[in-house]
Amino acid sequence: MKRRYLNKLSVPCVFIFAVLTSALVAQEEEKGKSIDATSEPAQKPDPRLNQIEVQAGVALSASGSIIASSEDGITLLERLINSNALYAPRVSPIVRQIGPYYRIPPFQLSSRQFGASYERLFERFSFGGAFRYTDVSAGLKIPESFVPGPLVNVPVPVITRVTPEIQSRKLLACSFQLEGVMSYHFNRDGEWDPFLRTSAGVGRGWVAGIGYGPYLNEVHATVGAGMRWNLNETTSLSAELNTTGYWIVTGPSSFIDRTDVLINPGKGSIYIVRVLLGAGYRY
């Protein structure tokens, strides 16, 4: 009886022993794997901590006292032609026949920016500097105009030209800029790296064009956000949307003769919303 009883229990006992042994072996293997995993060194961040980048972009919108004064200047020119205080060969004969109905089309502003920057990476932050070129131009349709002689009691049809004939885009001002840059990166070493960026700097340029016209001095500050696409460990592409505020002071120009300097604000502010595309190299 007793032996038969043991014989009946032998098969399940062997099975249970085998299962327990397999479980213990699997547990020991898992422990070994976890020990091996913890013994491996953590992945080190990318040692390339220097970033250079070139950017180019255009303005989406602009506002400020300089924009308002420029619009006022165009409106004043329109009123002077309509009142015959200025003589415009193409327009004045018609104005004298039908009345003061002449209108100058609104000008279409645009702004370009090109630049190169260097930044040193520190964890999520980076600090550096940039050199940029920024200009502002306008699409204009302005008639040639003169000061009429009879207006100042001079017996000649016209005395001096005030504005040239403009039926195209004209460069209004340009500036070469130096600035300090600080960025915050959300995923510095990842494929997609959203970032915030701020900068401040100074610039010097000219009102009428590169190397021409009254001087232009300005200070500015920028805040923006963007996305960097790290193609590999060294190269990247980026897109950035930012807003820059400028305070500008310009040199004097002739109040009457606007053949070279169409608009001269003297001093004032301008705020530009801009989109920039860039390409970077990390080393």
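## Rings, strands and cavities

Colleague: What is the relative accessible area of W229?
Modeller: W229 counts as partly exposed. That class lies between buried (under 20% relative accessible area) and exposed (over 50%), with a 1.4 Å probe and protein chains only. The value for W229 is 33%.

Colleague: What pLDDT do local features need here?
Modeller: Residues are numbered from 1 along each chain as its sequence is written, and side-chain values use heavy atoms, leaving out hydrogens and water. This is a predicted model: totals for chains, interfaces and linings use all residues, side-chain atom pairs count only at pLDDT 80 or more, and local features need pLDDT of at least 70.

Colleague: How many aromatic pairs does the whole structure hold?
Modeller: Rings of Phe, Tyr and Trp (its six-membered ring) pair if their centres lie within 6.5 Å; planes under 30 degrees apart are stacked, over 60 edge-to-face, the rest tilted. One search covers the whole structure, and the count is 9.

Colleague: What is the angle between the ring planes of W192 and W229?
Modeller: The two rings form an aromatic pair, 5.3 Å centre to centre. The pair is stacked, and the angle is 10 degrees.

Colleague: How far apart in sequence are the parts that this pair ties together?
Modeller: Strands are DSSP runs of E, at least two residues, and helices are runs of H or I, at least four; both are numbered from the N terminus. W192 lies in strand 7 and W229 in strand 8, so the pair links parts at a separation of 37 residues.

Colleague: What is the relative accessibility of W192?
Modeller: W192, the partner of W229 in the stacked pair, counts as partly exposed. Its relative accessibility is 45%.

Colleague: Which kind of aromatic pair do Y281 and Y283 form?
Modeller: Y281 is partly exposed at 39%, and Y283 is partly exposed at 41%. Their ring centres are 6.1 Å apart and their planes meet at 20 degrees, so the pair is stacked.

Colleague: How many bridges join strand 7 and strand 8?
Modeller: Two strands pair if DSSP finds at least two bridges between them. In one of these bridges, L196 has A225 of strand 8 as its partner. Strand 7 and strand 8 pair in the antiparallel sense, and the number of bridges is 15.

Colleague: How much space lies in the largest cavity?
Modeller: A cavity is a set of points on a 1 Å grid over the protein atoms alone, where a 1.4 Å probe fits but cannot get out; lining residues have an atom within 4 Å of a point. The whole structure has 3 cavities of 30 Å³ or more. The largest one holds about 310 Å³.

Colleague: Which residues lie closest to the centre of the largest cavity?
Modeller: The lining has 22 residues. Strand 6 gives the largest share, 5 residues. Closest to the centre are V136, A173, L216, I248 and I270.

Colleague: Which strand gives the largest share of the lining of the second largest cavity?
Modeller: This cavity holds about 100 Å³. Its lining has 15 residues, with Q113, R132, E179, T222 and N242 nearest the centre. Strand 6, strand 7, strand 8, strand 9 and strand 10 each give two or more. The largest share, 4 residues, comes from strand 9.

Note on methods: 1 Å grid on protein atoms, 1.4 Å probe; cavity = no way out; pocket = protein on both sides within 12 Å on 5 of 7 lines; lining within 4 Å. Points joined across faces, edges and corners; volume = space filled by probe spheres on them.
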